[in-house]
Amino acid sequence: MRAQTSGSQESGAGRIQSLERQLAEQRRVLRDWGGLIHYGSDNSELRAPVAGENRVIFFGDQITEYWGRENHSFFPGKPWLNRGIAGQTTDQMLVRFRQDVISLRPKVVVILGGINDIAGLHGPSTEETILDNLMSMTELAQVNGIRVVLASVTPVCDCFTRSNERQRWQERISEINELIRKYCRQTGATYLDYFSAMALDGSMKTQLTKDGVMPNEAGYDTMARLAAGAIEGALRKK
């Protein structure tokens, strides 16, 4: 009986810690909803790009932010910067787009966002709303002479936990990716198709993910190869 009580206490303590972490995260979001302070000091210390430098900004949510952590480096030797913030939706990304992209004067921006919108992280969001936000970012970049690479939303799977919710996400991911693809054809933005390379029958390949949503090292290796090709293509465009 004492062992059961001890186990219950540990379980209860774990739940309390989880709730405290969630509360701290919500407080952070309330203080800085757009994430404007996240890279504020890094941006202020960054030098202007030199002549001939092809600076690239990778802009997105946790899939972008954790990229360097998983691979232990982020495109070493290249003037490519990571400006991802975990947990952000595309409307939050739009708020900080001028600060974290335009003001840094890159040649190319690689935009990856939408999975948190689909998950309803900050409330319901439609595919059209996600596209509207991506369109606004694209237009802001292009009017400032920045070439745009719009990435497909990466696939998910329920390969670790059975979830009807993940299956609904898959349908919505396919829908938003088709909208992004069509928009790129209309505007001249480069479409970066992560989805086709990382999915099998609509689900994330098990060997490319650690939890059904986040890529693992092999997943990031696949993304890196595709992103490098898309950036080269964007730089060649007149």
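Analyst: This is a predicted model.

User: Which way do the side chains of β3 point?

Analyst: In a regular strand, side chains alternate between the two faces of the sheet. In β3, one direction is taken by Val108, Val110 and Leu112, and the other by Val109 and Ile111. Residues on both sides are buried.

User: Which strands pair with β3, and in which sense?

Analyst: Strand β1, residues 56-60, runs parallel to β3 and is joined to it by five bridges. Within that pairing, Val56 is opposite Val108. Strand β4, residues 147-151, also pairs with β3 in the parallel sense, over four bridges. There, Val149 is the bridge partner of Val110.

User: Turning to a helix, is Glu127 buried or exposed?

Analyst: Glu127 belongs to helix α8, residues 127-143. The cut-off for buried is under 20% relative accessible area. Glu127 has 11% relative accessibility, so it counts as buried.

User: Which residues is Glu127 in contact with, beyond its neighbours within four places in sequence?

Analyst: With those neighbours set aside, Glu127 contacts Arg172, Glu175, Ile176 and Leu179.

User: How far apart are Glu127 and Ile173 in sequence and in space?

Analyst: They are separated by 46 residues in sequence, while their C-alpha atoms are 8.6 Å apart.

Notes
Residues are numbered from 1 along each chain as its sequence is written. This is a predicted model: local features need pLDDT of at least 70, side-chain atom pairs count only at pLDDT 80 or more; totals for chains, interfaces and linings use all residues. Side-chain values use heavy atoms; hydrogens and water are left out. Buried means under 20% relative accessible area, exposed over 50%, partly exposed in between (1.4 Å probe, protein chains only). Helices (H or I, at least four residues) and strands (E, at least two) are DSSP runs, numbered from the N terminus. Two strands pair if DSSP finds at least two bridges between them. Contact means heavy atoms within 4.5 Å.
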